[in-house]
Amino acid sequence: MKKIFLFISAVMLTACATQKPSEEQAIRTMCREIAEHYPQATLQDVYKTCFQDFFGAEHLMRDTAVAHQYLKEEITATEAQDLSAMPMYEPTGFRHRFTRVNLSLVHNGAMSEDELFARFVEAADTNNAFSDNWAEEWEQIESIALEVHPAWADSSLQAELRYAASIPSAVRHSEAFRQHYRPHYRIIKNERE
């Protein structure tokens with residue numbers, strides 16, 4: 001019996017030990033990809049994608065009628081814009097629990113406005129949060145992000161993001177990100193979730 005217990009304990013310790021590095025590696029990979037695909041991104045944009053991955057679109061859905069009207073207005077306003085600086089589909093964060101869907105998919109007829117909105121509402125479910133520890137998770141992400149890309153260090157922004165994580169609160173994309181990449185998308189649940 002003691003040997004079985006020791007074997008099970010060893011298997012559990014091994015599983016725990018291997019799980020942590022894979023999460024850290026996923027964060028590192030995400031940070032490298034953000035820096036490569038979006039050279040103008042800041043730590044604020046890392047926070048945003050990870051917050052979206054952690055919570056989904058819950059913070060955007062206070063009133064479905066208002067949210068639908070805002071989507072209609074944004075689709076109309078971006079109809080003649082080039083939205084190709086961002087991919088058609090882009091996973092959020094490092095767990096990829098959600099996907100950013102570029103509004104150009106509605107413009108080119110690949111997805112209807114109603115379908116996008118229905119999937120957006122689903123991603124706004126109040127039970128989407130990954131856990132109750134967003135502030136702790138952000139602390140780990142920030143630490144790894146600054147190791148991977150030291151140029152993202154900005155003490156005042158870091159303090160603002162830590163405060164936002166403690167509430168927890170969403171943030172907008174950084175001004176540099178908005179100017180260079182014109183992000184117009186909605187969050188939907190990843191189909192494997």
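Let me begin with a convention: angles under 35 degrees count as roughly parallel, those over 145 as roughly antiparallel, those from 65 to 115 as roughly perpendicular, and the rest as oblique. This is a predicted model, in which local features need pLDDT of at least 70 and side-chain atom pairs count only at pLDDT 80 or more, while totals for chains, interfaces and linings use all residues. Residues are numbered from 1 along each chain as its sequence is written, and side-chain values use heavy atoms, with hydrogens and water left out.

The protein holds 8 helices and 3 strands, these being DSSP runs numbered from the N terminus, with helices (H or I) of at least four residues and strands (E) of at least two.

Helix α2 packs against helix α7, which spans residues 155–166, at an angle of about 15°, with the axes 10 Å apart; the axes are lines fitted to C-alpha atoms over the stretch in contact, and angles run from 0 to 180 degrees between N-to-C directions. The two helices, α2 and α7, are therefore roughly parallel. Their contact, meaning heavy atoms within 4.5 Å, is made by L43, Q44 and Y47 of α2 with L157, Q158, L161, A164 and A165 of α7.

Where does Q52 sit? Q52 lies in α2, which covers residues 43–55. Leaving aside neighbours within four places in sequence, Q52 is in contact with T92, F98, R100, Y185 and I187.
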